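Dear colleague,

Please find the structure below. I would be grateful if you could look through it alongside the notes that come after.

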Amino acid sequence: PLKDRLSPEEEVAYLKTLVQRGAAKEYASRWKRVESELAKDPEFALYHAAYLAVWGPVEGREAARQQLANAVEDPARRIVASRLQLLHFASSGDLAGYALALDRLAQVRQDRLTDRVGYWRLLVAAGRNAEARELAENEAAVPQNPRDVLVLAEFCQAIGMTEQAGRLLRQATLKYGGSGIPGTDLLWLARANVLIRTEDWRGIIEMVEQVRAFPAALEILGGWVDAVEGQARHGLDHRDLAKAAFEDAARKGFPRPALAFEVGAEMRRLGYYQAALDVLLPLETAFATNVFYWQTLHQVADALKQDAVLLLRSAAEVRRLKPDDSAAAFNYAAALLTSRQNPGEAVVLTRQALDQMRASPEARVNHCLALALNHRYEEASALLATVDPNRFDPSGNTVYSFAAFSVHLGLKQYDLARLDLDRIRSEHLFPNEVLWLEQMRREYLEPAAGSPTSLDTRSGT
């Protein structure tokens, strides 16, 4: 990464940014690279003192705080020291100390909105909500640049001023949203989040129409505009329009992988699985080590019932990233069973799951399937007899009947296997499972009178 190839001067600048952002862990891992610069750069020394005052060893914090206080008395360092003191006062909840440092900055017009918001947060923490709200409302009446609008809107939402946040963002999107200024796309995203949180679906539709009137914004936001329209159409129960909007979003793409993942996850949550898959699949490289990505992709693959290879690959990645997680192991074992691969590994994993969840009918059925894959039909039959199929929903009942079919076929109990086959609904299976059932039916079972000549594809009704 570029941050690992910085010159000493660049490293110092980066470390100052880390302190301002409160990224203490990364600062702690890097600052010794340029420790010699502390004596050469008085300002860097102050930043290091701020780090020590807030996150350093307890025994050294007071000395670091005194170093900042002494610097405040030096006119050349007063502004930097005062701003760094804000970090300490915010961390310690010192409202009075924060107010004094903020006032010093305000006197020379060096206070920033983020500094003032820090003071409001301390007011809220002290139970002085009315004062914080009044100050925020006064600030909202002053024209803001896009970055300040985002900061102010975030605070307003945090203290329940949702209406004010929405109004502020609406004004800002109409003023700046089509300017093409870097970061103005975040105004549209923030406005949409407020509208979604309040389930103002008509407001979303209005916002989408406004975005589309700004070609520059539309180009930057790409498929997100269609995706947020899809959410609104879904909220209004216009499912066909929602589906079309989500499909358009997937086709157009997104400006950032993180935004695409957020949209894909929302599509999955709402049940638009094919569109979610189309959005998520191109993100594999960007999210190769993100367990939430693989979990979401696994959920989509399981819901679609189209690709057993994807189901297994996504389950394997989740297990790789969470090797000690029992749910990850359970899903991986289930994917092995669906794919009919590695029966030896599957039987070990399903046995472990059964030992952990002895009362779980799903764990019992999965172990039955694994035993059958390993041709241990007598053991599978005995375990299956302990499961009540009436406890399952239609999907679970198909898995149970699939396991029963596998066992009865292995035991050459063909009449029972035919009954199992009649209870299986192929919409709850993957194509490779349907194909295997059809092959087994043709090879071992003579069609009973009046039975269909291929696997029944009826619904459960």
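The notes below cover the cavity search and then the salt bridges.

This is a predicted model, in which local features need pLDDT of at least 70 and side-chain atom pairs count only at pLDDT 80 or more, while totals for chains, interfaces and linings use all residues. Residues are numbered from 1 along each chain as its sequence is written, and side-chain values use heavy atoms, with hydrogens and water left out.

Cavity

The search of the whole structure returned one cavity of 30 Å³ or more. A cavity here is a set of points, on a 1 Å grid over the protein atoms alone, where a 1.4 Å probe fits but cannot get out. Grid points are joined across faces, edges and corners, and the volume is the space filled by probe spheres set on the points. For the largest cavity this volume is about 30 Å³. Its lining (residues with an atom within 4 Å of a point) consists of Leu277, Ala301, Leu304, Lys305, Gln306, Asp307 and Leu310. By class, four of these residues are nonpolar, one is polar and two are charged; Ala, Val, Leu, Ile, Met, Phe, Trp, Tyr, Cys and Pro count as nonpolar, Asp, Glu, Lys and Arg as charged, and the others, Gly among them, as polar.

Salt bridges

The count comes to 35 salt bridges, each being a side-chain nitrogen of Lys or Arg within 4 Å of a carboxyl oxygen of Asp or Glu.

One of them pairs Glu206 with Arg170 at 2.8 Å, N to O. Glu206 belongs to helix α13 (residues 201-211) and Arg170 to helix α11 (residues 162-176), so the bridge ties together parts that are 36 residues apart in sequence. Helices are DSSP runs (H or I, at least four residues), numbered from the N terminus. Both Glu206, at 32% relative accessibility, and Arg170, at 33%, count as partly exposed, that is, between buried (under 20% relative accessible area) and exposed (over 50%), with a 1.4 Å probe and protein chains only.

Arg212 and Glu229 also form a salt bridge, at 2.8 Å, N to O. Here Arg212 is in the loop between α13 and α14 (215-221) and Glu229 in helix α15 (residues 224-235), so parts 17 residues apart in sequence are tied together. Arg212 is partly exposed at 36%, whereas Glu229 is buried at 13%.

Within helix α26 (residues 414-423), Arg423 and Asp420 are three residues apart, about one helical turn, and their side chains meet at 3.5 Å, N to O. Asp420 is buried, with a relative accessible area of 4%.

With kind regards

Notes:
1 Å grid on protein atoms, 1.4 Å probe; cavity = no way out; pocket = protein on both sides within 12 Å on 5 of 7 lines; lining within 4 Å. Helix = DSSP H or I, 4+ residues; strand = E, 2+ residues; numbered from the N terminus.
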